[in-house]
Amino acid sequence: MKAAADRLRSNARDWDALAAVGTYLLARGQADKALDCFHRITRSNPTYPGIWRLKPEAFEALGDTTNAAACRRRGADPRP
């Protein structure tokens, strides 16, 4: 986690580090903060590998099955 946070301090657009932080936060039960990380990625890089598999997990953890399903559909769509 520290390495990812350090990378983000030097480059806020380090999508790999941001995904790692989001995944860590999700695993720690902080789905709202994880979703913030995932949103930052999809706003700038919607084709980031695996992001449309991570976002639904965060939405589900927050009880938002509608947005989780929308993310899964988005992930199945090959268009950016």
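Among contacts in the protein between residues at least 6 apart in sequence, what percentage join residues at least 24 apart? And with that as background, what is the state of Cys37 and Cys71?

Reply: To take the background first, in this predicted model 28% of the contacts between residues at least 6 apart in sequence join residues at least 24 apart. The protein contains 5 helices and 0 strands, which gives the pattern α-α-α-α-α when read along the sequence. Its radius of gyration is 12 Å, close to the 12 Å given by the globule rule for 80 residues, so the protein is as compact as a globular protein of that length. Along the principal axes, the C-alpha atoms fill a box of roughly 35 × 30 × 15 Å, and 36% of the 80 residues count as buried. The exposed surface comes to about 5,000 Å², of which carbon and sulfur atoms supply 50%.

Turning to the cysteines, the structure holds 0 disulfides, and Cys37 accordingly takes part in none, with the sulfur of Cys71 as the nearest cysteine sulfur at 15 Å. A disulfide is a covalent bond between the sulfur atoms of two cysteines. Because the sulfur of Cys71 lies 15 Å from the closest cysteine sulfur, in Cys37, the separation is too far for a bond; the cut-off applied here is 2.5 Å.

Ile41, leaving aside its neighbours within four places in sequence, is in contact with Trp15, Leu18, Ala19, Pro46, Tyr48 and Ile51.

Asp14 sits in the loop between helix H1 (2-10) and helix H2 (15-27), and it is buried, with a relative accessible area of 13%. Its side chain and that of Arg7 are joined by a polar contact of 2.8 Å. Beyond its neighbours within four places in sequence, Asp14 is in contact with Arg7 and Leu8.

Terms used:
Residues numbered from 1 in each chain as written. Predicted model: local features only at pLDDT ≥ 70, side-chain atom pairs only at ≥ 80, totals over all residues. Heavy atoms only, no water. Helix = DSSP H or I, 4+ residues; strand = E, 2+ residues; numbered from the N terminus. Buried < 20%, exposed > 50% of the residue type's maximum accessible area, 1.4 Å probe, protein only. Polar contact = N/O pair within 3.5 Å; in protein donor to acceptor, adjacent residues only side chain to side chain. Contact = heavy atoms within 4.5 Å. Rg over C-alpha atoms; globule rule 2.2 N^0.38 Å. Areas by Shrake-Rupley, 256 points an atom, 1.4 Å probe, with all protein chains shown as cover.
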